[in-house]
Amino acid sequence: MGALIRAHNWSATPLGSCDAWPAGLRATVDLVLGSPMAMVLLCGSDFVQIYNDGYARIMGPKHLAGLGQPNRVCWPEVWPFNEPIFAAVHRGETQSFENQKLTIERSGQQEDAWFNLTYSPLRYVGGAVPSILVIVVETTQRVLAERRETAERERMSRMFEQAPGFMAMLSGRAQKFDFVNQAFEQLVGHRRVIGSSVREALPELEGQGYHELLDRVYSTGEPFVGRAMSVALQRQPGAAVEQRFVDLVYQPITDSNGAVAGIFVEGADVTERVVAEADLRMSEQRLNAIFTLAAVGLAEVALDGRFQRVNDAFCRMLGRSREDLLAATVVDVTHPDDVAASLEQSGNTARTGIPATFDKRYLRPDGEQVFVGCSLTRLDGERDQPSALLSVTIDLTERARAESALRASEEFNRRVIQSSADCIKVLDLDARVIFMSEGGMQVMEVDDFGIVEGSCWPDLWRGEEHAKSVAAVEEARRGGTGRFQGFATTMAGSPRWWDVVVTPINGPDGKPVKLLSVSRDITVSRRTEEQLRELNESLEARAAERAAELTEAQDQLRQSQKLDALGQLTGGVAHDFNNLLTIIRSSAELLRRQDLPEERRRRYVDAISGTTERAAALTRQLLAFARRQALRPEVFDAAERVRGIAEMLQTMIGARIKLEIETAGVPCFVEADPSQFETAVVNIAVNARDAMNGQGKLTIKVGVIDALPGIRAHQPVDRDHVTLSITDTGTGIAADTMQRLFEPFFTTKDVGKGTGLGLSQVYGFAKQSGGDIDVASRLGEGACFTLYLPESEPPTAVMGETETPPAPATSRRCRVLIVEDDAQVADFAALLLRDLGHDTALAVNAAEALGMLEESASAFDMVFSDVLMLGMSGIELAGLIRARWPDLPVVLTSGYSHVLATDGRHGFPLLHKPYSVEDLARVLGLARVTPAPGHACAGSECADHRSSREPP
């Protein structure tokens, strides 16, 4: 400890540099360090701690951090105890405590401990610092040991007192009672016997021989043991004597010289047992009558297998006379194939006493088989020794014949099922696989049924097919027939298309008890259909696509390594947007047909709407990679957020992948967009699932580190970061592939199984949130992706994200000022607003909009502005409007803006492009009922705000 004290930065404490300490303080510190006892010196008004090795051992994990630390900070849990003591010691008093119980925290959790404590005041002459010397002796183990010893003594005393048998201690030749327990008092009617002799206390024993027995034991020193001895006792004052039966022991007690000094009496009142034995003898007589007249076959069999006793029903069952059976053994009348099992069952029951129930066959004299159910029970004789076996036999011949017929029928059904080339499965009502036909195992390429047994059948499907399978199961549970066609791989990974039918298997009450799933491989026919569709595609479109691919390949070859990622990005964007535009263009051309049915017209309109959503999602992913997406950051606990999506992750990765989540046990706060955070976790988990081929272990760990390590040639960042590590047991990643993992549109998956934007989204989100992402992997050893995000201070108040209220249902006309520098977008926005019943005016930039507002701000009820424009941006315009016309609502719209990407707290409603008319109506309605940020009534309803913008 001396070295630690010398190396400690005391200048950062109220004590100042140790070179400036008073001589008295230094001397006291030397005294403390040289003492073998645990001591701590508390200095100054903050009670700064200086302690020796003995005290350091008491501190446990708090050592090191506690050196130079104020006592209140180090031991906050003990401060309520210490504070008044410190005040008294500062007044010059000495305080001592023995075996003081304190609840302390020194091993990560609170524990009770006991200490001898002495608090002494210390003052030093010449600018001395007032200090307190505390001598600490931990007595926890001694206190606990004393408590255990006391508890053991009390336990033994209670055991003696509460013993079920009676006990008494007699002393001297006069045999006076020194001690009796509760059971003895109860036996003799709770008479006061302590201090009296046996003759005085129990006079009714005279003439019953017990006094003589006691005298003999005392004289000879030999113990006496008696069983079921009759004794007449007066158990109630003034009542007649009552006959009881007791088992007892008279045990002589000798002194240090070997002479008998007393007698220990121990025994038990066995009156009930003696009476029960008498009743048992009567019961045996009744049982003999029952044995003879019982309708089931009864036989008493000796341990060597000879029949000792049989009843009439058993004789009739075997078609033999009583004389024949009593001269035979069990083996003589048992079918040869059942002899070994029968002997094993009877031998086990004879040895262990455990009853046995089993089926077997007896033989009649004519050779006819008798199928029976046999139950064996061991009969114990004297001293609980096995004497014989009781066999209860029920004739099961008719049931056996019915079961044989059923097995033949089931075997026929089995052969029918196995001959089918379809995959036939039986599911329980939880949709878990409990049977699969041999033909099904072949077509599904399953070598061992145990691999899929118990698996949740819908989890064998992925994506859209999973939802279809769940719907089919639900339909079958309701008693209907579920059917769908879908794609899934076999257990060996072979791609297959299936036609699936799920039907209920009903029980006797007509309700489903199991489900039957029949899957037919339609891969060949499906492939033929796909080939036909490919032949029907436009030759011009295919040639153009091929030319574009060749051009892109040639461009990539000519580009440098720095432009390679850009070429792949633009090629991927062109490919995906061409696909989307093909759908939009084809649907738009078909919508021009006058004779198009309404149902198909709605289908093409839905196709355009859905394709637009896909295009918007693609741009969001691209903006995420480019770190230009508009984030909505908030402070949240990353560990809690991961636990919150654990159930969704398990469903997504499938039942054959074990998901484990490990957290640091403390909150891990970060400031980021929670939606993008969850998306990043899902994207990494999906890649891990595919790398494990749907089977393995996925481990997610959330923790905190004190610095961000250097990643991809970046310098380390000396700041606490929250880490999210996702580790899989998949195939691992090759070294050359790891260099391109985060490039957009780069993927190692087959065509159609991945866009290549998942990890690029994670990379963009991490960088835009001030963090980074790293990956470690070896081929064949899985991979570990680690996301780093700066740790944030916990929020001052727990506030959930405000849900977007629904747009108010109102048809009131508004006058909207549109600020948009793209003429086509502006015209389209005006068209939508007019369709919604609003009046519009157009400004092509922020300067023109401000001029129109300067001229007449009351002419408008709302401003609808683009963000990214030449000159002043939409956010800057909104800020000026907020300052000059606080009651005028502003709605911003953008498809991309570096301003939004760097500042997500602008405080204005934002409508992302592309947007639908419903989105536009919702945001405008929300802006009309919500006060502008900074308005005096923001956060509450204000009459002035409601009416100030109303049209005349």
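**Aromatic cluster, cores, sheet and selected residues**

One aromatic cluster is formed by F47, W79, F81, F86, F97 and Y119. Rings of Phe, Tyr and Trp (its six-membered ring) are paired here if their centres lie within 6.5 Å, and planes under 30 degrees apart are classed as stacked, over 60 as edge-to-face and the rest as tilted. The structure is a predicted model, in which local features need pLDDT of at least 70 and side-chain atom pairs count only at pLDDT 80 or more, while totals for chains, interfaces and linings use all residues. Residues are numbered from 1 along each chain as its sequence is written, and side-chain values use heavy atoms, with hydrogens and water left out.

By the ring rule, the count comes to 18 aromatic pairs. F97 and Y119 form an edge-to-face pair, at 6.0 Å centre to centre and with 90° between the planes. This pair links distant parts of the chain, with F97 in strand β3 and Y119 in strand β4, 22 residues apart. Helices (H or I, at least four residues) and strands (E, at least two) are DSSP runs, numbered from the N terminus. Y119 is buried at 3% relative accessibility, whereas F97 is partly exposed at 22%. Buried denotes under 20% relative accessible area, exposed over 50%, and partly exposed the range in between (1.4 Å probe, protein chains only).

R106 is located in the loop between β3 (95-105) and β4 (110-122). With a relative accessible area of 12%, R106 is buried. The R106 side chain reaches the backbone oxygen of I58 at 2.8 Å and makes a polar contact with the side chain of E138 at 2.7 Å. A polar contact is a pair of N or O atoms within 3.5 Å; within protein, one must be able to donate a hydrogen and the other to accept it, and residues adjacent in sequence count only if both atoms are side-chain atoms. Beyond four places in sequence, the contacts of R106 (heavy atoms within 4.5 Å) include M59, G60, P61 and K62.

The largest nonpolar core has 42 residues, and those with the most contacts inside it are L649, F677, L698, L724, F785 and L787. Helix α24 (residues 674-691) supplies the largest share of this core, eight residues. A second, separate core of 40 residues includes V32, Y55, V78 and L117. A nonpolar core is a set of buried Ala, Val, Leu, Ile, Met, Phe, Trp, Tyr and Cys residues joined through side-chain atoms within 4.5 Å.

Strand β16 (residues 423-427) is joined to β17 by three bridges, and the bridge partner of K425 in β17 is M436.

Methods. Pairing = 2+ DSSP bridges.
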